[in-house]
Amino acid sequence: MTSTVASQGAVLGDELAALLDPRYVIPGSAADARFRRDVLGKYAADPAFVVRPASPQEVSGVMRIAGLHGASVTVVGGQTGTVGGAIAAPGGIALSLDRMDKVVAVDTAAMAMTVEAGCILQVAQEAAEAAGAFLPLDLGSRGSATVGGSIAANAGGNRVLRWGMLRDMVTGLEVVLADGTVVSSLTPMIKDNAGYAWKHLMIGSEGTLGIVTRAVLRLRPRPVTDQTALVALESFDQVIALLRRLEMRLGGRLSSFELMWGEFYAVMTRSQRESRSQPMAQGHAFYALVEMLGGDAENDPDQFMQALAEAIEEGLASDAVIAKSGGEREALWAVREDMAPALAACHPFLVYDVSMTLAAMPGFVEAVRAAVLVRYPEARFLFYGHAGDGNLHIIVNLGRGSANASGDEDTVDALVYGEVARLGGSIAAEHGIGRSRRAFLHHSRSPEEIALMRRIKQALDPDGLLNPGKVVP
Ligand SMILES: Cc1cc2nc3c(=O)[nH]c(=O)nc-3n(C[C@H](O)[C@H](O)[C@H](O)COP(=O)(O)OP(=O)(O)OC[C@H]3O[C@@H](n4cnc5c(N)ncnc54)[C@H](O)[C@@H]3O)c2cc1C
């Protein structure tokens, strides 16, 4: 039996090597650790092979060979998703697009760029900027996340408030289907209502319906000014009032409204005290990192300052620090994004990203805090998120005596997602469903919706080759 499986594996490997070149077919046991473990170290993978195709045609060939052998295929992008989505099934194929990592073209007349799916987000951002344009998608993981993985997760990031998620930025897409068919519509057109919008089915499908190989992304004029401030607030009513005021006063130029609960700010600034000075005193209930991107170098700084001064005068905020240079701007963003030192001190931790209406958010936070503390009295929490679009991140350390073992994780998952369901929110604001949230999909989707998802999966991937065990329970 073992030798049969082994020889089948050898035939699969030989066929893949004949297609790609033996250098680009690596036995799973010899592959880099990132193909064998997820980013949080929670899931282990044991793929038979890691393959590195260099074109959509080669990806198509891999799918055809996989189909003949009944081998599953999971795309491994930058591995920055935290839901175990890019974990290959045992004996399956892990497919890397790291040889398809180019910016193909930046067209400033059409305001669109064509990129290969393995392109790192930051590389795409820099290419747009070098051409005098702007790719608004921005994530903390910009240096590792790929464009393809981000499309597969319908990533959003820091500027969803103004420019939406990837679904709002992808004008053209190319995918390889489970049977190897290459479907390509690499158009820069914003309006295209010719039949079913299949690209939207692919965006956010986490590699379970097709493999993204190239995409056309919509560009915007490069902002001339960048105003950033850290604002202190004492109540959630102030948070909502300030957000609405800035949206109105800044005339659509508000691009980020990142919210940090007081304890998050305290932990982050404490963890960074060796390398940075604290921009504002601890002790406020909330801190909002506010960004306005504009096109009027003469007037934007005054308008931004005035809007904040008015907000403070009218009691919508209690204090604000405005960055006066690129270095100060970076320091303010670091309070929100430079999480490695704080997370190291918080290890082991559980991580959630959920969404809901802003009005529901403070009640949700207190309900989750109370419910977790009943079970784990020493639990510590970090609450923060892209609140401008209703996105809340939670990091929980369960305290001494609880090693965040899987039983604990199941308990806390049920508490958090149960509360999300009660409020009609979403269990997945970012990162998708992957493997870790599959069992909770019914908290955000009805039985009819889940049945429809199964029918779509069955129609496009009847043999279950693409990223099995993810998304649909
Ligand atoms: C520090 C940090 C900050 C983050 N900030 C944000 C944020 O602000 N907003 C946000 O939305 N997300 C955020 N994320 C989540 C994550 O970065 C995004 O989901 C990311 O864009 C995924 O890209 P990736 O290349 O790392 O994909 P991976 O994690 O490698 O894969 C994600 C999923 O997509 C599939 N996949 C990968 N490539 C392809 C492809 N070419 N075709 C089909 N399927 C594919 C994988 O199989 C997997 O199921 C953050 C993550 C980290 C670690």
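The model I am reading is predicted.

I then followed the two strands involved. Strand β8 covers residues 170-176 and is joined to β10 by 6 bridges. The two strands run antiparallel.

Next I placed this pair in its sheet. I noted an open sheet of 5 strands in the order β5-β6-β10-β8-β9, with antiparallel pairing. At the edges I found β5 (103-107) and β9 (182-185). Each has a single partner strand, so one side of each is left without a neighbour in the sheet. For the twist I noted an average of 10° from one strand to the next.

I checked which helices pack on the sheet. Helix α2, residues 56-69, touches β8, β9 and β10. The direction of α2 makes about 45° with that of β8. Helix α3, residues 121-130, also packs on the sheet, where it touches β5 and β6 (112-116). For α3 and β5 I wrote down an angle of about 35° between their directions.

I turned to the ligand. I counted 34 residues around it, and the closest are Gly77, Gly85, Gly148, Gly149 and Gly207. The elements that give two or more residues to this shell are β3 (73-76), α4 (147-152) and β10 (211-218). Which element gives the largest share of the shell? I found that α4 does, with 4 residues. By class, I recorded 12 nonpolar, 19 polar and 3 charged residues around the ligand.

How values were computed:
Residues are numbered from 1 along each chain as its sequence is written. This is a predicted model: local features need pLDDT of at least 70, side-chain atom pairs count only at pLDDT 80 or more; totals for chains, interfaces and linings use all residues. A residue is near a molecule or strand if its C-beta atom, placed from the backbone, lies within 6 Å of it. Ala, Val, Leu, Ile, Met, Phe, Trp, Tyr, Cys and Pro count as nonpolar, Asp, Glu, Lys and Arg as charged, and the others, Gly among them, as polar. Two strands pair if DSSP finds at least two bridges between them. Axes are lines fitted to C-alpha atoms, for helices over the stretch in contact, and angles run from 0 to 180 degrees between N-to-C directions. Two residues are in contact if their C-beta atoms, placed from the backbone, lie within 7 Å.
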